[in-house]
Each structure stands twice: as structure tokens, then as C-alpha cells.
Amino acid sequence: MLDKVFHLLTLEYSLVFATTQEHFQAVKEIRNDVIVNHYPDVEESKKYIFSQDDKQSFIYLLQHNETQKYVGSVRIFFANHRTPSQKIPMEKDLHIKDIEKLTQTLPICEISRFALLHDQIEHKDFSQLQLRTYLSLALMCATRINVLLYKYTKMFAIMERSLHRILKRQSVFFEPIGDAIDFHGMRFPYVIRKEDFFIAGEKTEGTMGLLTKYYLKELCQNPQSFWQFIDNNPYLERSDIQLDRICQLFKEYGDDMSMEHLLGMDELSLKA
């Protein structure tokens with residue numbers, strides 16, 4: 001990853017795993033700015049702010065470090081054998097055609113509530129378009145981190161074509177699984193299988209891989225709030241989570257740890 005971009009996404013901005021009431025309030029404010037204020041006539045928009053689904057999710061924030069302002073967020077809704085809902089939102093709420101044949105093997109997740117404030121803080125080196133592109137990558141990196149921590153069989157998302165193009169440039173190839181739907185604008189449903197996601201992780205060793213390893217190492221150095229979230233969540237167990245294995249890899253390999261180490265030989269063998 002270019003030095004300037006890596007600096008931007010690690011020192012000027014930070015990914016934050018949402019665990020406190022302050023974090024959840026920030027999530028509500030971001031969603032209010034992105035959806036409710038721009039779609040005031042949509043009755044459903046109030047449910048967008050925070051819902052029962054958020055209690056069955058990992059949520060990440062993006063913070064501007066100098067001002068401490070939260071400027072974006074993303075949610076990873078998960079379904080496993082313990083969750084009250086074993087259907088992801090795009091299945092139970094949007095009724096994507098024939099999706100049931102893809103959602104049977106748990107755990108799975110849906111990347112949703114992807115939101116960046118419309119008015120971002122001006123940057124001396126990047127245009128607003130460039131800044132939003134890089135901040136989008138940071139939020140997508142949060143989803144990559146979550147998949148490494150919790151081994152989903154498939155990841156689903158509904159997104160605009162523009163975000164899909166950004167991900168393709170990072171070798172993250174989501175497969176289209178249905179027609180466009182009008183959901184706060186025209187969006188398309190996609191899926192990526194675990195093995196394809198891992199292949200993408202290996203291909204992006206020098207780009208998104210650097211950012212992924214940076215934040216995983218940060219998590220290993222200060223895991224208390226993350227483990228507290230896991231322990232307090234009725235649908236998760238510590239045995240579900242790969243953090244101990246990842247932290248042990250950092251102890252063994254330090255900064256020389258590759259994405260191959262992170263992914264594990266069992267995942268890499270899926271390519272064969």
C-alpha cells in the first residue's frame with residue numbers, strides 16, 4: 001500500500017471496534033446523517049438507525065484521530081446455530097430470489113449498514129473522491145479482519161456498483177446473485193465464499209494485507225474490550241474466535257508474518 005495511504009488509514013484515521021455506549025451513539029449519528037436526513041420520507045429509515053439486528057452483529061467505526069470525530073461505520077451481521085435469526089437481513093427482509101440455497105451452511109454473515117458521512121474533513125493530499133475511496137477501503141478492511149477472526153462459510157452484501165468496482169481493484173471478487181433492487185438507491189446483491197475471500201487475501205499481501213495485519217496486531221496488544229464483547233454476547237463463544245491463534249502467530253513471526261500465515265494452510269489448501 002502506498003505510504004501516504006497507509007499513513008492516512010493508520011495514523012490519521014483509526015478503525016474502532018464498537019463496544020461502548022459512546023460508540024453505539026456514534027453509529028446512530030452516522031446512520032442518521034447518511035440515511036434518515038437524506039431519505040426523510042422513507043418510513044423504514046428510522047429502523048436503519050439501530051435495530052435488533054445490531055445486537056447480532058459486529059460493528060466497526062472509522063475515527064478521525066485529530067478531531068476524534070467518527071466519520072464512518074460498517075456492520076457485520078452474523079448468523080450461527082445460536083442466533084435467534086439464522087437468516088441474514090437480505091434474506092428475511094428483502095427476499096432476494098433463490099438466496100436460500102446459499103445460506104444453509106452456518107456461520108454466515110452479511111456486510112451491511114456501510115456508511116460514510118457525506119461531508120468529510122478536508123485533506124491536503126487527497127480530493128474528497130480519493131478520500132472517500134480510501135476510507136471505504138478502511139471500512140472494508142474491518143470486514144476482512146472480522147472474517148479472519150470468525151470463519152464464516154460465506155459473506156453476503158448489497159452494494160452499489162461503485163463499491164463493487166473498488167473491491168475488484170483489490171482482488172476481492174464478490175459474485176452477483178440477483179437483480180438490482182431499489183434500497184435507498186439501486187443496489188445489487190452479492191456473495192463471496194470463504195475460499196475466494198482467502199485467495200483475495202493472499203493476492204493483496206502488499207496492499208490491504210498490510211492494513212489488516214496492522215489492526216490485528218493492535219487488537220492483540222489490547223484485546224480486553226474485544227473479549228469482553230464476546231463474553232457478553234449470548235450468541236458467541238471464545239472458541240468461535242481465532243484471535244488467540246492470530247496473536248500467537250505475531251509472537252512467532254513478528255512483522256515478518258505473511259498473509260499465508262494468517263490464513264492458515266488449511267484455508268490455502270482450499271484453492272487446490
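Student: Are Phe 17 and Tyr 60 buried or exposed?

Tutor: A residue is called buried under 20% relative accessible area, exposed over 50% and partly exposed in between, with a 1.4 Å probe and protein chains only. Phe 17 and Tyr 60 are both buried. The model is predicted: local features need pLDDT of at least 70 and side-chain atom pairs pLDDT 80 or more, while totals for chains, interfaces and linings use all residues. Residues are numbered from 1 along each chain as its sequence is written, and side-chain values use heavy atoms, without hydrogens and water.

Student: How many aromatic pairs are there, and how is such a pair described?

Tutor: Rings of Phe, Tyr and Trp (its six-membered ring) pair if their centres lie within 6.5 Å; planes under 30 degrees apart are stacked, over 60 edge-to-face, and the rest tilted. The count here is 14 aromatic pairs. One of them joins Phe 17 and Tyr 60, a tilted pair with 5.2 Å between centres and 50° between planes. Phe 17 belongs to strand E1 (residues 13-17) and Tyr 60 to strand E2 (residues 57-64), so this pair ties together parts 43 residues apart in sequence. Phe 126 and Tyr 134 form an edge-to-face pair, at 5.3 Å centre to centre and 70° between the planes. Phe 126 is buried, at a relative accessible area of 11%.

Student: Which residues do ring pairs link into a cluster?

Tutor: The cluster contains Phe 17, Phe 58, Tyr 60, Phe 78, Tyr 150, Tyr 152, Phe 226, Trp 227 and Phe 229. Within strand E3 (residues 69-79) one finds Phe 78, which is buried at 0% relative accessibility. A contact means heavy atoms within 4.5 Å. Leaving out residues up to four places away in sequence, Phe 78 touches residues including Phe 58, Ile 108, Cys 109, Tyr 150 and Tyr 152.

Student: What is a nonpolar core, and which residues have the most contacts inside the largest one?

Tutor: In soluble globular proteins, nonpolar side chains tend to be buried together. A core is a set of buried Ala, Val, Leu, Ile, Met, Phe, Trp, Tyr and Cys residues joined through side-chain atoms within 4.5 Å. The largest here has 80 residues, and Phe 58, Tyr 60, Leu 149, Phe 174, Phe 226 and Leu 243 have the most contacts inside it. Helix H5 (residues 128-149) supplies the largest share of this core, 13 residues. Another core, of 14 residues, lies apart from it; Ala 79, Ile 96, Phe 156 and Ile 177 are among its members.

Student: How many residues of H5 are buried, and how far apart are its end C-alpha atoms?

Tutor: Helices (H or I, at least four residues) and strands (E, at least two) are DSSP runs, numbered from the N terminus. Of the 22 residues of H5, 18 are buried, so the helix is mostly covered. One of the residues in H5 is Thr 143, which is buried with a relative accessible area of 4%. Thr 143 touches Val 74, Ile 76 and Ile 111, not counting residues up to four places away in sequence. The expected span of a helix is 1.5 Å times one less than its number of residues. For H5 this should be 32 Å, which agrees with the 32 Å between its end C-alpha atoms.
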